[in-house]
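Let's take a walk through this fold together, one piece at a time.

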Amino acid sequence: MSEWERVRLDEVIALDVDAVPVVATAPYDIVGVLNRGRGLLFRDPIAGDETSYKTLNRIRPNQIIYSRLKAFEGAITVAPNDLGEVYASQEFPTFTCSERMLPEFFRLLTTTKRLWEQLQALSTGMGGRRERVKPADFLTIEVARPSLSEQRRIVDVIAAVNAHIESVSLERELAVEAVRRARLALLTVGFSGAWESESVDSHTPLTWKDRLPAGWRSEEIGDVSVVRSGATPRRSEKARYFDGGSIPWVKTGDLNERVITKTDECITDAGFSESSVRLLPAGTVLVAMYGGFAQIGRTARLGVESTTNQAISAITDLREDVLPSFLHHALKAGRPKWRLVAASSRKDPNITKRDIEDFDFPVPSPGEQREIVEVLGSMESTADKFTDELANLRAFRSALLTSLLNQEIEIPESYDALLKEAS
């Protein structure tokens, strides 16, 4: 196994700040740095007269950049090699790699917990009193440096994994979008004509009454079910136990757009008394009423008896001719509408129990509902497989990079010779 040398950062990189005077009439594309080594954050452009800074730091391709204030969160990255003309404030110092350190290899280091912890150790204090990480202190950090050829081998291997992750991620996005479009098509023109329908924008709010297929009718949720608001139960009373465990409690962030089962990690064992909760039966459809635009209208169906918090409405006691799984798809298709309702005339973005009761949705025959649910369920299963594969690939990449940087795995030098032959 090859020996890696321990070096201080000031031995392999150098502070290299290109401070540019701000011109009032000039436009500037501004960037920040995402935490946990996730890359640059591209902000809206500003004009020179919109900032109080006299100078801005020009960020050049392949430069190391970090946030002096947020360094403790791992806000560090290496700019892409195809970066255009962008700028950051003086809170973002930049560094250039010497010939002993490949920028691509250092970019891998910025994604590791080890470097984040080193940055955190340099940033003392708490909250708003936390000290900024000074460039001089940053350069005292020690890292293990392999030879240039080994750096290249590690970069190449991780790049191959990244390419596969990108490919699977794209497949997942396409599968998810296909489900969205199929759902809207099936719910607007019916099962028989969905595949001949025109392209449907899956992000456009829809009024079902405008496009009901023959034989379908429009219903409001309040006319076919009971809508109950969740509540936060008291914790101080004795728990009611069933099946050897305490009562499951589903929170807003747990809504997964699918069926929540007893084995899901989001199920929280909560010690609530029987008198302080209303157990919801399996099959109940849940809708998030507030929690910001990221949460509003998120849904799930219960596959197990549970209770919910006060930010969730529960749709129960459905009329026999409406399948819970079908209503769930109608709610998912209507999510853009929820966002418009939430943003319409209220101080805080949210929807109410009345909004849910007034939600209108198409109702075909139970047989056609089952056909639609079966098709969409199969498509969702395909999308879920891509999601699972993506999670496994990301875990594999993390484990592989850790093993490579810990020298638990070594890429043989014969790899270099193989590349030469291939090229």
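Start with Ile-65, which sits opposite Thr-94 in S12. That facing couple belongs to two strands, S9 (residues 64-66) and S12 (residues 94-97), which pair in the antiparallel sense over two bridges. A strand here is a DSSP run of E with at least two residues, a helix is a run of H or I with at least four, and both are numbered from the N terminus. Two strands pair if DSSP finds at least two bridges between them.

Before going on, keep in mind that this is a predicted model, where local features need pLDDT of at least 70, side-chain atom pairs count only at pLDDT 80 or more, and totals for chains, interfaces and linings use all residues. Residues are numbered from 1 along each chain as its sequence is written, and side-chain values use heavy atoms, leaving out hydrogens and water.

S9 and S12 are part of an open sheet of four strands, ordered S2-S12-S9-S10, with antiparallel pairing. At its edges you'll find S2 (13-15) and S10 (76-78), each pairing on one side only.

Next, look at the rings. A pair of aromatic rings is described by the distance of the centres and the angle of the planes. Rings of Phe, Tyr and Trp (its six-membered ring) pair if their centres lie within 6.5 Å; planes under 30 degrees apart are stacked, over 60 edge-to-face, and the rest tilted. The structure holds four aromatic pairs. One of them, Tyr-66 with Phe-95, is stacked, at 5.8 Å centre to centre and 15° between the planes. Tyr-66 lies in S9 and Phe-95 in S12, so this pair ties together parts that are 29 residues apart in sequence.

Phe-95 also pairs with Phe-138, this time tilted, at 4.9 Å centre to centre and 55° between the planes. Because Phe-138 belongs to helix H3 (residues 135-138) and Phe-95 to S12, the pair ties together parts 43 residues apart in sequence.

Finally, find the open sheet of five strands, S15-S23-S20-S21-S18, with mixed pairing. S15 (226-229) and S18 (259-260) stand at the edges with a single partner strand each, so one side of each is left without a neighbour in the sheet.
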